[in-house]
Amino acid sequence: IEQETTNYTAEQNKSYSTDFSMNSHEVKNSLRIFFDNWFGTVEVSESIKFVFYTNANIKKENKVGVLKDMKESLPEKPLLQLLYEKKYDEAFPFVLPIFREYYLEQHKKHVKKDEDIALFEKMLDSMNEEKWKKFFDLIEWNFGKADETEVRKKVNDLVGEICLKYDVNKKYTQTIVAQI
């Protein structure tokens, strides 16, 4: 048992009609959940994998929130594209301040004392660039993927094809597909 590894996968599925940027609430909130799971539950384990799956695409960042106070120009590519490509040197100067502000803002809603927020700040301060890379390397970004309706149709079609191929009773097949 000691030599076995338990692998965890945490997934956020987002079906939306608008595209996402790093400043999208859904992206920031997913990162907060991923980070809390990674840092708190599995103590910076590499046996956990995070999946952000969406039918929406990536859009370019606007200089809003923390970014509007930054003098540096945003990179040519969208920040989420840079994270997807693991170009952290270009992304982190912008992504990490966005994440930090959102992370602390969310935790302030749920703590009773300022000292509690100081613990979250210390936790974030303990993260150096290598630790951030380790964390973001565990995230699988999936943009522009099939939505739930498309996935269900593909599964339905596949079950039908398999049942035909193996001559499975049609009534039984319909019951299986209805359960999916």
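**Close-up views of a predicted model**

**Figure 1. The contact between helix 3 and helix 4.** In this predicted model, helix 3 contributes Phe99, Arg100, Tyr103, Leu104, His107 and Lys108 to a contact with Ile117, Phe120, Glu121, Met123, Leu124 and Asp125 of helix 4. Sorted by class, the residues where helix 3 meets helix 4 are 7 nonpolar, 1 polar and 4 charged. Helix 4 covers residues 114-125, and its axis comes within 10 Å of the axis of helix 3, the two crossing at roughly 155°. Angles over 145 degrees count as roughly antiparallel, and helix 3 and helix 4 are therefore described as roughly antiparallel to each other. The crossing of helix 3 past helix 4 is right-handed.

Figure 2. His107 belongs to helix 3, which spans residues 88-108. Is this residue, His107, buried or exposed? The relative accessible area of His107 is 11%, so the residue is buried. Leaving out residues up to four places away in sequence, His107 touches Arg32, Asp36, Ile117 and Phe120. Two of these partners, Ile117 and Phe120, are among the residues of helix 4 that meet helix 3.

Figure 3. Arg32 is a residue of helix 1. Its relative accessibility is 19%, and Arg32 therefore counts as buried, since the term applies under 20%. Apart from residues up to four places away in sequence, Arg32 touches Phe99, Tyr102, Tyr103, Gln106 and His107. Lys28 is also found in helix 1. With a relative accessible area of 13%, Lys28 is buried. Beyond its neighbours within four places in sequence, Lys28 is in contact with Met22, Asn23, Ile98 and Tyr102. How far apart in space are Lys28 and Arg100, C-alpha to C-alpha? The distance between Lys28 and Arg100 is 9.6 Å, while 72 residues separate them in sequence.

**Figure 4. The contact between helix 3 and helix 5.** Two packed helices are described by the angle between their axes and the distance between the axes. For helix 3 and helix 5, the packing angle is about 90° and the axes are 12 Å apart. Angles of 65 to 115 degrees count as roughly perpendicular, and helix 3 and helix 5 are therefore roughly perpendicular to each other. On the side of helix 3, the contact is made by Tyr88, Asp89, Phe92, Val95, Leu96 and Phe99, and on the side of helix 5 by Glu129, Trp132, Lys133, Phe136 and Asp137. Where helix 3 meets helix 5, the residues divide into 7 nonpolar, no polar and 4 charged. Phe99 of helix 3 takes part here and also in the contact with helix 4.

**Figure 5. The largest nonpolar core.** In soluble globular proteins, nonpolar side chains tend to be buried together. The largest nonpolar core of this chain holds 38 residues, of which Leu31, Phe35, Leu83, Trp132, Phe135 and Phe136 touch the most other members. Two or more core residues come from each of helix 1 (25-41), strand 2 (48-54), helix 2 (79-84), helix 3, helix 4, helix 5 (129-137) and strand 3 (139-142). Which element gives the most to this core? Helix 3 does, with 10 residues. As for Phe135, this residue touches Leu31, Phe34, Phe35, Trp38 and Phe50, not counting residues up to four places away in sequence.

Figure 6. Ile139 is located in strand 3. Its relative accessible area is 4%, so Ile139 is buried. Ile139 and Leu31 are 108 residues apart in sequence, yet their C-alpha atoms are 9.1 Å apart in space. Setting aside neighbours within four places in sequence, Ile139 is in contact with Leu31, Phe34, Phe50 and Lys86. Lys86 is partly exposed, as its relative accessible area is 39%. Although Lys86 is not a glycine, its phi is positive, at about 60°.

**Figure 7. The setting of the close-ups within the chain.** The chain contains 7 helices and 3 strands. Read from the N terminus, its elements follow the order β-α-β-α-α-α-α-β-α-α. Of its 180 residues, 37% count as buried. Among contacts with a separation of 6 or more, residues 24 or more positions apart account for 66%.

Notes
Residues numbered from 1 in each chain as written. Predicted model: local features only at pLDDT ≥ 70, side-chain atom pairs only at ≥ 80, totals over all residues. Heavy atoms only, no water. Helix = DSSP H or I, 4+ residues; strand = E, 2+ residues; numbered from the N terminus. Buried < 20%, exposed > 50% of the residue type's maximum accessible area, 1.4 Å probe, protein only. Contact = heavy atoms within 4.5 Å. Axes fitted to C-alpha atoms, helices over the stretch in contact; angles between N-to-C directions. Parallel < 35°, antiparallel > 145°, perpendicular 65-115°, else oblique. Left-handed = near helix turned anticlockwise from the far one by under 90°. Nonpolar A, V, L, I, M, F, W, Y, C, P; charged D, E, K, R; others polar. Core = buried A, V, L, I, M, F, W, Y, C linked by side-chain atoms within 4.5 Å.
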